[in-house]
Amino acid sequence: MYHSFEADGVYHELWLSSSRQGYRLYLQNQVITPVAFTHSSDSSGILTIAHQSEPVRFAIEGELIHLHIRGRTRVLRYSDPLRECACGHNETDALVARAPIPGFVVAVTASPGQSVSAGMALMLIESMKLETVIRSPQDGIVDRIHVKEGDTFEHDAVLVTLSKEEGR
């Protein structure tokens, strides 16, 4: 899954995937390997990137991450791609559940015509061995399910379309 961080007004997207040596870090057009983090305590650890290790201290405060490394402190703002995808900016977006990441459908738990509440599980997807529950962005009725178990999809694909319930 892509992760997005803002530092000093600049957004950076990155992707982590597992490898035999730990993780691979995809940052812009670079692939950095191996990447690993070892916790020392709740607020510190050792970050290893391309075989260079650095002690780090951090504090997480909601979306803000205060990171102290190499004698400098930086404040990063994490943008959760799942929350951003689920929070539509207009009425049409709120009536669909979109794929936050590319992957495939593990299980569909809703059916057309079913009344759903905001946050209710609609399906389970998998990407890079990570399972994610796709939830209803609002109250409504399942109008159409665009994929079935085993189907693959791309990032931002419409997975489920909802219609408004009468009287709401």
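Close-up 1. Tyr 78 is partly exposed, with a relative accessible area of 22%; buried means under 20%, exposed over 50%, and partly exposed in between, using a 1.4 Å probe and protein chains only. Please keep in mind that this is a predicted model, in which local features need pLDDT of at least 70 and side-chain atom pairs count only at pLDDT 80 or more, while totals for chains, interfaces and linings use all residues. Residues are numbered from 1 along each chain as its sequence is written, and side-chain values use heavy atoms, with hydrogens and water left out. The structure holds 2 aromatic pairs. Rings of Phe, Tyr and Trp (its six-membered ring) pair if their centres lie within 6.5 Å, and planes under 30 degrees apart count as stacked, over 60 as edge-to-face and the rest as tilted. The ring centres of Phe 5 and Tyr 78 are 5.1 Å apart and their planes stand at 50 degrees, so this pair is tilted. Because Phe 5 sits in strand β1 (residues 2–7) and Tyr 78 in strand β8 (residues 72–79), the pair ties together parts that are 73 residues apart in sequence. The strands named here (E, at least two residues) and helices (H or I, at least four residues) are DSSP runs, numbered from the N terminus. Is Phe 5 buried or exposed? Phe 5 counts as buried, at 17% relative accessibility.

**Close-up 2. A second aromatic pair, Phe 37 with Phe 58.** Here the ring centres are 6.0 Å apart and the planes of Phe 37 and Phe 58 stand at 65 degrees, so the pair is edge-to-face. It links distant parts of the chain, with Phe 37 in strand β4 and Phe 58 in strand β6, 21 residues apart. Phe 37 is partly exposed, at a relative accessible area of 34%, whereas Phe 58 is buried, at 17%.

Close-up 3. Strands of a sheet pair through backbone hydrogen bonds, either parallel or antiparallel. Strand β4 (residues 30–41) pairs with strand β5 (residues 44–49) in the antiparallel sense over 6 bridges; two strands pair if DSSP finds at least two bridges between them. Which residue of β5 is the bridge partner of Ala 36? That partner is Thr 48. β4 and β5 form a hairpin with 2 residues between them.

Close-up 4. The structure holds 4 salt bridges, each a side-chain nitrogen of Lys or Arg within 4 Å of a carboxyl oxygen of Asp or Glu. In one of them, Glu 54 joins Arg 70, with the closest N and O atoms 3.3 Å apart. Glu 54 lies in strand β6 and Arg 70 in the loop between β7 (64–69) and β8, so the pair ties together parts that are 16 residues apart in sequence. Glu 54 is partly exposed, at 23%, while Arg 70 counts as exposed, at 61%. Another salt bridge joins the side chains of Arg 77 and Glu 63 (3.5 Å, N to O).

**Close-up 5. The loop around Gly 150.** Gly 150 lies in the loop between β14 (140–145) and β15 and counts as exposed, at 51% relative accessibility. What does Gly 150 contact, leaving aside its neighbours within four places in sequence? Gly 150 is in contact with Phe 104 and Val 105, where contact means heavy atoms within 4.5 Å. The C-alpha atoms of Gly 150 and Phe 104 are separated by 6.0 Å, although these residues are 46 apart along the chain. Lys 148 and Asp 151 meet in a salt bridge between their side chains (3.3 Å, N to O).

**Close-up 6. The open sheet that includes β10.** In this open sheet, 4 strands follow the order β13-β12-β10-β15, with antiparallel pairing. The edge strands, β13 (130–135) and β15 (152–153), each pair on one side only. Strand β10 (residues 103–108) and β15 pair over 2 bridges, and Phe 104 has Thr 152 as its bridge partner in β15.
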